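Here is a short tour for anyone who likes to see the contacts before the fold.

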Amino acid sequence: MLRGLMGEQELLVSMCIQHAARNHADTEIVSRTLDGPIHRYTYGDAERRARRLAKALLRLGVEPGDRVATMAWNTYRHFELYHGISGIGGVCHTINPVLSDEQLIYIFNHADDRFLFLEATFIPLIERLRAQLPAGMQIILLSPAETTLSVLALYEDLVAAENEDFDWPAFDERSACALCYTSGTTGKPKGVLYSHRSTMLHAFGASLPGAIAMGATDVVLPVVPMFHVCGWATPYTAPMNGVKLVYPGPKTDGASIYELIEGEGVTIGLGVPTVWLNFNNYLRDNNQNVTSLRTVLSGGTAISKTLLQAYEARGVTMVHAWGMTEMSPLGTIAALKRKHSALGKEAQTDVRLTQGRAVFGVEMKIVNDEGVEQPHDGETMGELLVRGPWVVRGYYNDEEATKAVVEKDGWFHTGDVAKIDPDGYVKLTDRRKDVIKSGGEWISSIDLENAAMAHEDVAEAAVIAIPHPKWDERPLLIVTARPGRQPTRESLTALLAKRFPKWMLPDDVIVLDELPHTGTGKVVKLKLREMFRDYIVAER
Ligand code: AMP
């Protein structure tokens with residue numbers, strides 16, 4: 001090997017905030033704080049305070065590799081924690097407060113966090129669980145509040161007690177910088193442990209012009225919580241690109257988001273479809289429009305055509321992306337290619353409604369049940385496997401979970417079932433555990449649900465597999481009714497029959513008062529499968 005003669009600085013997260021402080025010192029970070037007032041300061045201020053925080057953490061005894069938990073809203077303090085903790089080799093463990101008690105107890109103990117930086121909102125939750133959390137974990141409050149918890153310090157006191165005389169240390173880029181647990185609708189949560197290197201490479205990849213392009217003229221509003229996959233990398237991509245950051249704090253309702261977008265001149269917003277749906281409803285109901293917003297990035301679940309078109313009509317491009325906690329999170333972006341400009345609007349919209357193409361750095365393939373690679377013909381379904389420098393290669397201290405999904409050569413089983421077309425566009429058709437396997441063929445529950453949801457009497461729809469003696473599994477459609485409506489098996493079957501071959505049609509239709517949901521709003525199909533495990537379709 002002839003070794004290259006170029007710089008070999010380690011790729012560290014601290015590069016981001018240092019770059020911003022040196023080159024974008026007066027660019028603002030604006031945050032809505034817990035008690036309402038808008039806080040503003042600059043990257044220069046943020047970096048100085050992150051240095052003080054880093055010194056405070058060292059004084060508290062944080063050692064490289066120690067897990068330091070945060071339970072906090074999107075604000076400048078959370079931004080400082082991301083950088084202060086990772087910058088000294090600690091692991092910033094962001095905890096999702098909407099998880100169940102059982103999951104939270106598991107996560108705290110599994111991660112064995114030494115410290116918890118706690119937003120006042122979540123004090124009652126931690127008071128309730130305290131006895132079951134690691135006894136040695138010490139709590140720092142982000143702002144003063146009444147509590148029965150034993151509190152080590154207040155955040156501002158820690159920061160105030162230090163000076164700025166500190167240099168960000170260099171260390172191995174393969175060290176862990178952040179930890180985020182993923183909690184599917186089944187099984188125990190699994191820890192995804194990001195490294196400095198993976199985080200930096202992901203940040204480069206994620207902010208490419210063909211991905212979530214952002215530059216120093218942009219104003220970015222991450223509505224996606226910083227406890228969901230590192231706020232989709234915005235704590236890194238924003239300082240890396242010198243963008244003005246706007247943090248919504250605890251308020252993500254339409255009116256609050258509107259105030260920030262218009263007041264701060266936001267150009268790019270990031271969030272799940274529900275956020276954009278609520279925001280669009282707010283604009284419609286209040287007869288408002290947006291003036292600066294040009295792109296909203298939507299991921300986490302699929303977007304609807306109606307929503308994409310609603311934003312289009314407002315002059316805002318809704319960009320659909322797919323990813324996972326295990327992928328840091330970015331996997332695909334539904335951006336058009338040059339050749340698509342020749343297509344009509346309708347056909348372009350169809351492309352933009354797919355989950356999109358792999359971003360540079362992510363390899364993808366689909367395989368059948370036997371692990372045989374399937375063609376990228378846009379027709380054949382298979383489980384989606386991914387590989388790359390920011391894709392998980394093992395769960396934190398969980399060999400069993402790792403073995404189940406990571407192959408020796410690094411391919412990670414996403415659990416998503418997809419088609420890939422010859423241009424590389426991925427269309428998710430199901431979660432692997434939700435796909436209906438009937439007579440050796442796969443039926444997409446999502447396709448059926450989307451079609452059922454278009455029925456005028458239906459509020460929500462879920463399709464699950466029920467056991468069948470001849471076909472192994474058959475689809476069962478479960479719906480809830482819109483107020484004052486009564487969906488029927490006949491009318492739904494007639495609607496679906498227009499789009500699906502007979503063998504794909506649900507064997508029966510059930511109307512429930514409501515469907516079970518997870519804390520993040522996804523339907524818990526496992527629960528439905530349990531409810532209807534012994535369901536026998538009546539002869540008709
Ligand atoms: P999480 O790790 O909690 O972010 O969840 C990742 C899972 O969410 C993926 O495996 C998908 O099943 C789903 N998901 C994420 N983005 C999308 C999308 N754009 N369309 C459909 N499903 C998505």
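In this predicted model, an oxygen atom of the ligand sits 2.7 Å from an N or O atom in the side chain of T325. D416 and R431 also place polar side-chain atoms by ligand oxygens, as the table shows. A polar contact here is a pair of N or O atoms within 3.5 Å; within protein, one must be able to donate a hydrogen and the other to accept it, and residues adjacent in sequence count only if both atoms are side-chain atoms.

| Residue | Distance to a ligand oxygen atom |
|---|---|
| T325 | 2.7 Å |
| D416 | 2.7 Å |
| R431 | 2.9 Å |

The ligand taken alone exposes 500 Å², and the protein buries 81% of that (Shrake-Rupley accessible areas, 1.4 Å probe). Two elements each give two or more residues to the shell around the ligand: β14 (317-323) and β20 (426-431). Of these, β14 gives the most to the shell, with four residues. Helices (H or I, at least four residues) and strands (E, at least two) are DSSP runs, numbered from the N terminus.

There are 15 residues around the ligand, and those that come nearest are H320, A321, T325, D416 and R431; a residue counts as near if one of its heavy atoms lies within 4 Å. By type, the shell divides into five nonpolar, seven polar and three charged residues. In that count Ala, Val, Leu, Ile, Met, Phe, Trp, Tyr, Cys and Pro are nonpolar, Asp, Glu, Lys and Arg are charged, and the others, Gly among them, are polar.

Strand β14 also belongs to an open sheet of nine strands with mixed pairing, in the order β2-β1-β11-β10-β12-β13-β14-β15-β16. Strands pair if DSSP finds at least two bridges between them.

Two backbone details deserve a look. Most residues other than glycine have a negative phi, and most peptide bonds are trans. The bond from S328 to P329, however, is cis, with omega near 10°, and P329 lies in the loop between β14 and β15 (330-333). A233, though not a glycine, has a positive phi of about 75°; its place is the loop between α8 (229-232) and α9 (234-241).

Stepping back, the chain has 17 helices and 25 strands. Its radius of gyration over C-alpha atoms is 24 Å, close to the 24 Å of the globule rule (2.2 Å times the number of residues to the power 0.38) for 540 residues, so the chain is as compact as a globular protein of that length.

Residues are numbered from 1 along each chain as its sequence is written, and side-chain values use heavy atoms, leaving out hydrogens and water. Local features need pLDDT of at least 70, side-chain atom pairs count only at pLDDT 80 or more, and totals for chains, interfaces and linings use all residues.
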